[in-house]
Amino acid sequence: ENSTSLIVKLLNIEKINNIQIKIITEKTDKYNFGDILSFTGKLSLNEILLPTIKDKINMSFNIKYYNYSQEILGQVVFPKITVIKNNSSILNKIKNLKKEIVNNLKENPLRETLAISVGTTLGDSSLFSKKELDDFRYSSLSHIIVLSGFNISILILFFSLIFLRLNIKLKWRVLLTIFFIIFFIFFVGYQTS
């Protein structure tokens, strides 16, 4: 809750490809996918800090295995970070559009109502308070506020029905639906649930 985890791919390392490390930094949204960063700090190899185990939920998640499966070599905790180059690609602009929409909703008086809508449609839980997120976890309902294949199925049905009502031929309905699903995946951040 007080920090942000960034997974970074190291550049300019001779003879070694695809080294990733985790950077733990202050809670912020100023870093975007594809940005080129420069950072200074102590790299802990194979010593990924584990979160404090306070409940059964944290005990059931094996962070060492997760980091190994993601090929994360080590981590740097609270380094000094400088953005060398912002990623200004169209894909990054689409992804940042989601961030802007969610940030605008944070000040809305209907935040609690919007939180569940944003959680189920965009897979973003940042509108929920810590207590609300804990309540979802303890009641085993946290799967409601993450995106999954179920959400994609609903979108496919939604777009198919809209294009059917517009009397668009089947071939174009399929192509347009695929286009909107790909756009949606980039919009929400193309990560696993």
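Contact here means heavy atoms within 4.5 Å. This is a predicted model, where local features need pLDDT of at least 70, side-chain atom pairs count only at pLDDT 80 or more, and totals for chains, interfaces and linings use all residues. Residues are numbered from 1 along each chain as its sequence is written, and side-chain values use heavy atoms, with hydrogens and water left out.

**View 1. The whole chain, to get your bearings.** The chain has 7 helices and 6 strands, counting DSSP runs numbered from the N terminus (helices are H or I with at least four residues, strands E with at least two). Read from the N terminus, the elements go β-β-β-β-α-α-β-β-α-α-α-α-α. Of the 193 residues in the chain, 27% are buried; that label means under 20% relative accessible area, while exposed means over 50% and partly exposed is in between (1.4 Å probe, protein chains only). Take the contacts in the chain with a separation of 6 or more, and 63% of them are between residues 24 or more positions apart.

**View 2. Strand 5 and its partners.** Pairing here takes at least two DSSP bridges between two strands. Strand 5 (residues 72-77) runs parallel to strand 2 (residues 20-26), with 5 bridges between them. Lys22 has Gln75 of strand 5 as its bridge partner. Strand 4 (residues 43-45) also pairs with strand 5, this time in the antiparallel sense and over 3 bridges. There, Leu43 is bridged to Val76 of strand 5. Zoom in on Ser44, which is found in strand 4: with a relative accessible area of 19%, Ser44 is buried. Beyond its neighbours within four places in sequence, Ser44 is in contact with Gly74 and Gln75.

**View 3. Asp35 in its loop.** Asp35 is found in the loop between strand 2 and strand 3 (36-40). Its relative accessible area is 13%, so Asp35 counts as buried. What does Asp35 contact, leaving aside its neighbours within four places in sequence? Lys30, Lys85, Asn86 and Asn87.

**View 4. The largest nonpolar core.** A nonpolar core is a set of buried Ala, Val, Leu, Ile, Met, Phe, Trp, Tyr and Cys residues joined through side-chain atoms within 4.5 Å. The largest one has 19 residues, and Val118, Leu122, Leu127, Phe128, Phe184 and Val188 have the most contacts inside it. At least two residues of this core come from each of helix 3 (90-105), helix 4 (111-122), helix 5 (130-138), helix 6 (149-165) and helix 7 (170-188). Helix 7 gives the largest share, 4 residues. Apart from this core lies another, of 7 residues, including Val8, Ile21, Ile23 and Tyr31.

**View 5. Phe184 close up.** Phe184 is found in helix 7, and at 13% relative accessibility Phe184 counts as buried. Not counting residues up to four places away in sequence, Phe184 touches Thr121, Leu122, Leu147, Ile152 and Leu155. Ile94 is 90 residues from Phe184 in sequence, yet their C-alpha atoms are 9.1 Å apart in space.

**View 6. Helix 7, side by side.** With 19 residues, helix 7 reaches 27 Å from its first C-alpha to its last, close to the 27 Å expected at 1.5 Å a residue (the expected span is 1.5 Å times one less than the number of residues). Its buried residues are Arg173, Thr177, Ile181, Phe184, Phe187 and Val188. These cover an arc of only 120 degrees around the axis, so they sit on the same side of helix 7; the arc is that of the directions from the helix axis to the C-beta atoms. The buried residues of helix 7 pack against helix 3, helix 4 and helix 6. On the face turned away from the buried side, helix 7 carries the exposed residues Lys171 and Phe179. Just after helix 7, Gly189 takes a positive phi of about 115 degrees.

**View 7. Aromatic rings.** Rings of Phe, Tyr and Trp (its six-membered ring) pair if their centres lie within 6.5 Å; planes under 30 degrees apart count as stacked, over 60 as edge-to-face and the rest as tilted. By this rule there are 7 aromatic pairs. Phe183 and Phe187 are stacked, because their ring centres are 6.2 Å apart and their planes at 15 degrees. Both lie in helix 7, 4 residues apart, about one turn of the helix. Phe183 counts as partly exposed at 34% relative accessibility, whereas Phe187 counts as buried at 9%. Elsewhere, ring pairs link Phe158, Phe159, Phe163, Phe179 and Phe180 into a cluster.
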